[in-house]
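User: I would like to learn how to read the features of a structure. Please show it to me first.

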Amino acid sequence: MASGALAAVPAAGGDREQPAPAIAPTQQIATLGASHEVYATPGARHAIAVVPARAPITGGPTVLPVTGRATTTAAVRWLRVRVPGRPNGRQGWIVQRGVELATTRWHLVVRTSARRVLAYRNGRLMRTLAAVVGKPSTPTPRGEFLVEESVRVPPGSPGGPFALALSARSNVLQDFDGGPGQIGIHGVDDLGGMPGTAVSHGCVRLADGPIRWLAARIRPGVPVTITR
């Protein structure tokens, strides 16, 4: 498929009535130096999940958006982070020890009704990209997520040339093609689909030019908002 234009494209008619989302200019992110247990509250006795130090596909470090901070009476510092996987949108608390803090200036917004991906930097809209989104029977899940990994897809493999693997999981498919029903923003190689349509199993597809543009800029830990 030919590369899609990188300039802003008009939104679908119904989407013009929706106000533009307010995007913070920066987002604090935490790179894990080791696996971390996740707790429902700071200092809780039992963990609700474990986040590994390494991402499953690329083996790169796990990077999570930070949504809160706390210090217990024992002077232990805690971070509230977004947790990948099911249930969608889960957050939890990890001990700050062994974590490297930084910030990202990027934030992606997927508007499923408009079938667009909006790329923000420093809180300003940089690009609006036409996309393929989930069909009605397998919709793209809505919520607050993150980019888990940026993956170069091998030539000839579906979804190339790049994929941004998200923390979101399908609300319909518990597994897909041998995987956990993970949602991604990826290319259209060997998949097809006309940008601006809703025909996927839940993932967001972009033409060659736009996905290359995103892959060159978006790194793990970047927040992703999927909305109507």
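User: Which residue in E14 is the bridge partner of Ala-163?

Analyst: Strands (E, at least two residues) and helices (H or I, at least four) are DSSP runs, numbered from the N terminus. Two strands pair if DSSP finds at least two bridges between them. Here the partner of Ala-163 is His-186. E13 and E14 pair in the antiparallel sense, over four bridges. Before going on: this is a predicted model, in which local features need pLDDT of at least 70 and side-chain atom pairs count only at pLDDT 80 or more, while totals for chains, interfaces and linings use all residues. Residues are numbered from 1 along each chain as its sequence is written, and side-chain values use heavy atoms, with hydrogens and water left out.

User: What is the bridge partner of His-186 in E16?

Analyst: That partner is Arg-205. E14 and E16 (residues 204–205) pair in the parallel sense over two bridges.

User: Why is E14 described as largely enclosed?

Analyst: Buried means under 20% relative accessible area, exposed over 50%, and partly exposed in between (1.4 Å probe, protein chains only). Four of the five residues of E14 are buried, so the rest of the structure largely encloses this strand.

User: How many residues of helix H1 are buried?

Analyst: Seven of the eight, in a helix spanning residues 208–215, so H1 too is largely enclosed by the rest of the structure. Among the buried ones are Trp-213 and Leu-214. The buried residues of H1 pack against E8, E9, E10, E12, E13 and E14, where contact means heavy atoms within 4.5 Å.

User: Which residues touch the most other members of the largest nonpolar core?

Analyst: In soluble globular proteins, nonpolar side chains tend to be buried together. A nonpolar core is a set of buried Ala, Val, Leu, Ile, Met, Phe, Trp, Tyr and Cys residues joined through side-chain atoms within 4.5 Å. The largest one has 25 residues, and those touching the most other members include Leu-108, Val-117, Ile-185 and Leu-214. Elements giving two or more residues to this core include E14, H1 and strand E17 (223–227). Leaving aside residues up to four places away in sequence, Leu-214 touches Leu-108, Val-117, Ala-119, Leu-129, Leu-164, Ile-185 and Leu-206. Apart from this core lies another, of 13 residues, including Leu-32 and Val-99.
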